[in-house]
Amino acid sequence: MLDKKMFELQLGDPSTGSGQARKLEVKVGGLAEQASGCCLIRYGDTSILCTAQIGRDNPGMGFFPLTCDYEERFYAAGKILGSRFMRREGRPSTEAVLNSRLIDRAVRPLFPKELTNEIQVIATCLSWDAENDPSTLGLLGASLVLGMSEIPWAGPVAVVRIANIEGKFILNPTYEEREKSSLDLVLAGIEKNNELLINMIESGAKEASEELFMGAYDFAIPFLQDILKFQKEVLQEIAKPKTVIAKVELEPLVIEKIKNYLKDKLETALYEVEQQKRKIALGELEDQMLVDLATEIGETN
């Protein structure tokens with residue numbers, strides 16, 4: 001059982017014109033103890049409960065079963081459904097679906113390609129103050145719970161939202177500030193080779209220039225670096241040892257034999273116009289390749 005701990009980071013500096021300074025709070029321990037990773041993350045009076053869970057391995061599945069789910073709750077905004085017969089909330093709103101995709105796009109590329117375990121990342125909005133955006137908060141929480149869990153993952157990920165009002169950039173703007181802004185930009189970044197690498201961009205703008213976008217990028221860099229540093233300090237205290245995934249590596253000679261076998265046959269299957277026929281052709285080609293190369297590959301290994 002993880003001991004209860006609180007971590008804080010001050011974001012924004014009014015003296016630099018970057019907007020109102022707010023405190024990012026992360027609480028771990030005491031909640032969802034059976035999850036692989038869990039934290040309660042808060043910015044202003046908006047708070048998100050984030051959990052991550054890994055399931056059993058599914059060898060031969062053929063794809064990576066990752067689910068990123070952002071969940072809204074009426075009580076988060078102080079609303080109670082009126083009907084006494086209404087016991088459950090309905091399907092996700094468009095905004096909830098977009099928030100789920102924002103989280104997914106930033107975290108998915110950082111899982112090892114060999115991983116076939118089912119992974120669930122769930123961000124539940126527990127309170128919403130009508131000022132601070134829960135979507136970026138959900139991504140930060142997802143980064144922390146994946147980082148602290150035993151799930152193999154090459155994070156952390158930092159994220160900020162940038163607005164521009166009358167030529168001034170604002171960090172993590174309120175909803176009112178976003179309405180006035182000519183730019184609404186979300187940047188997520190990771191550290192690679194000791195440098196910041198942007199791995200996800202989402203934006204909307206009112207005929208913004210390239211110079212404006214580059215200025216927003218330069219403005220966001222130090223804040224992204226601060227958030228990455230903060231997460232590393234948190235994870236250094238609470239992270240579990242990562243599960244080791246066995247890597248299956250083919251011999252270079254085997255790869256060369258497969259390439260030579262497919263180079264004259266793959267194009268015909270890929271350029272089949274009808275989807276169903278294309279799928280059947282690719283499947284038959286794969287089966288035939290395994291039969292034809294079985295002896296040669298066996299001798300190589």
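Modeller: Here is a short talk about the sheet, the helices and the ring pairs.

Modeller: This is a predicted model, in which local features need pLDDT of at least 70 and side-chain atom pairs count only at pLDDT 80 or more, while totals for chains, interfaces and linings use all residues. Residues are numbered from 1 along each chain as its sequence is written, and side-chain values use heavy atoms, with hydrogens and water left out.

Biologist: Happy with that! What makes β8 and β10 the edge strands?

Modeller: The open sheet has the order β8-β7-β9-β10, with antiparallel pairing. β8 (168-171) and β10 (195-205) each pair on one side only. Strands here are DSSP runs of E with at least two residues, helices are runs of H or I with at least four, and both are numbered from the N terminus.

Biologist: How do you know that β9 and β10 pair?

Modeller: Two strands pair if DSSP finds at least two bridges between them. Strand β9 (residues 183-192) and β10 share ten bridges in the antiparallel sense, so they pair by that rule.

Biologist: Why is α1 called oblique to α2?

Modeller: Their axes come within 9 Å and cross at roughly 40°. That makes α1 oblique to α2, because angles under 35 degrees count as roughly parallel, over 145 as roughly antiparallel, 65 to 115 as roughly perpendicular and the rest as oblique. The axes are lines fitted to C-alpha atoms, for helices over the stretch in contact, with angles from 0 to 180 degrees between N-to-C directions.

Biologist: Which residues of α1 and α2 meet there?

Modeller: N99, L102, I103, A106 and V107 in α1 meet S135, G138, L139, A142 and L146 in α2. The contact divides into seven nonpolar, three polar and no charged residues. Ala, Val, Leu, Ile, Met, Phe, Trp, Tyr, Cys and Pro count as nonpolar, Asp, Glu, Lys and Arg as charged, and the others, Gly among them, as polar.

Biologist: Finally, why is the pair of F219 and F223 called tilted?

Modeller: Their rings lie 5.2 Å centre to centre, with 55° between the planes. Rings of Phe, Tyr and Trp (its six-membered ring) pair if their centres lie within 6.5 Å, and planes under 30 degrees apart count as stacked, over 60 as edge-to-face and the rest as tilted. So F219 and F223 form a tilted pair. Both lie in helix α4 (residues 210-238), four residues apart, about one turn of the helix.

Key:
Contact = heavy atoms within 4.5 Å.
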